[in-house]
Amino acid sequence: MATIAEIAQAAGVSKSTVSRSFTRPDSVNAETRDRILAVAAELGYTPAPAKAEATGTIALFIPDIANPYYPPLVKAIQAACRRQSISLLVVDGEDDPEADAEELERIIGRVDGAIVFAPRMDAERLRALDAVSAVVLINHVADGLPAVILSAPEGARQAVEHLAALGHRSIAYLASWEDNYSSRVRLAAAEEAADFHGCTLMVLTHAEPTYAAGVRAADLVLAEPVTAVIAHNDLMAFGCINRLEDRGVKAGQEISVIGFDDIWLASTTRPSLTTVNTPYERGGAVALRLLTERIADPARPASTVHLSGDLIVRNSTAPAPALVK
């Protein structure tokens with residue numbers, strides 16, 4: 001089947017205009033809309049139908065079901081849905097913003113609403129989805145849409161404060177993609193905290209939030225005069241720690257490492273990982289509450305709820321080497 005990108009190219013319009021032609025037809029010029037529909041029909045594109053009645057089902061979009069960060073969140077939302085007799089459809093991302101957007105556009109008319117985690121699509125397309133069925137975002141903000149922010153800036157500030165208290169003055173930061181909302185927010189908070197505590201924060205990478213990215217970043221860490229590392233998530237932290245070990249550098253002794261999320265592996269690794277935990281259960285319950293409220297009243301003003309995680313100190317952080325006697 002044709003994609004929205006192919007339709008946009010053939011019709012000479014933007015992808016968001018194609019999306020709105022199906023989800024919010026009144027917002028597109030009639031002549032343009034007719035051209036888009038004609039091209040779509042020629043290419044064999046079949047959009048999801050507009051939802052005619054309640055289905056008792058909501059969708060949950062997550063970027064990568066293989067990432068151990070997401071199962072606790074899925075379970076939390078599923079448990080909250082079960083208490084309200086709501087069915088849950090889980091949609092796994094493909095590490096491709098365009099493919100993810102098209103998948104959501106195909107299913108949005110078949111559910112009462114959707115909780116969308118860390119989308120990489122633009123705000124206009126998110127609002128177009130919301131025009132068909134209610135949308136709530138997690139770890140992303142778009143004007144006019146409700147959102148829940150997990151492990152808000154407070155966790156990043158705590159991480160820097162902890163390292164500063166241990167005597168670290170030069171800290172490497174391993175960031176996720178620049179279009180990742182959580183990464184931008186955490187980095188901004190960490191930079192502010194570093195300035196406040198008189199530390200230098202060196203951003204060494206903007207990469208996919210994976211174990212492999214952490215492995216690659218470790219060599220960048222070793223090339224700089226830093227004594228500590230803050231990684232965007234635990235997977236990047238694990239990759240960094242293991243590559244440091246391969247290079248003969250021991251995390252928690254010669255260099256300190258902090259992650260984010262506190263996935264179940266964080267307490268089982270050696271050294272156990274200092275990390276910022278994620279309020280999964282509260283986040284899932286709040287996201288579902290915001291969604292059911294929006295389903296019941298689409299005109300309800302959108303709100304953004306920030307739920308802070310706390311730093312969990314374990315063995316991967318220690319006093320800066322110069323302070324060790």
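Guide: Accessible areas here come from the Shrake-Rupley method with a 1.4 Å probe. By that method the surface of this predicted model comes to about 14,100 Å², and carbon and sulfur atoms account for 50% of this area. Under the surface, buried residues make up 54% of the 325 residues in the protein; a residue counts as buried when its relative accessible area is under 20%.

The protein contains 11 helices and 12 strands, and its C-alpha atoms fill a box of roughly 75 × 45 × 30 Å along the principal axes. Its radius of gyration is 22 Å, which agrees with the value near 20 Å for a compact globule because that is what the rule gives for 325 residues. Among contacts with a separation of 6 or more, 72% join residues 24 or more positions apart.

Now the interior itself. In soluble globular proteins, nonpolar side chains tend to be buried together. The largest nonpolar core here has 51 residues, and Phe117, Ile138, Leu174 and Val221 touch the most other members. Helix α10, residues 234–246, gives the most to this core, with seven residues. Apart from this core lies another, of 21 residues, including Ile171, Leu187, Ala194 and Ile230.

Leaving aside neighbours within four places in sequence, Ile138 is in contact with Leu73 and Ile77, with Ile115, Val116, Phe117, Ala118 and Pro119, with Val148 and Leu150, and with Ala287.

Leu137 lies in strand β4, residues 134–138. Leu137 counts as buried because its relative accessibility is 0%. Not counting residues up to four places away in sequence, Leu137 touches Val116, Pro119, Leu126, Ala142, Leu145, Pro146, Ala147 and Val148. Val203 is 66 residues from Leu137 along the chain, and their C-alpha atoms are separated by 27 Å.

Ser272 sits between β9 (256–261) and β10 (274–277), and Ser272 is buried because its relative accessible area is 8%. Beyond neighbours within four places in sequence, the contacts of Ser272 are Ala266, Ser267, Arg314, Asn315 and Ser316.

How values were computed: Residues are numbered from 1 along each chain as its sequence is written. This is a predicted model: local features need pLDDT of at least 70, side-chain atom pairs count only at pLDDT 80 or more; totals for chains, interfaces and linings use all residues. Side-chain values use heavy atoms; hydrogens and water are left out. Helices (H or I, at least four residues) and strands (E, at least two) are DSSP runs, numbered from the N terminus. The radius of gyration is taken over C-alpha atoms; the globule rule is 2.2 Å times the number of residues to the power 0.38. Buried means under 20% relative accessible area, exposed over 50%, partly exposed in between (1.4 Å probe, protein chains only). Contact means heavy atoms within 4.5 Å. A nonpolar core is a set of buried Ala, Val, Leu, Ile, Met, Phe, Trp, Tyr and Cys residues joined through side-chain atoms within 4.5 Å.
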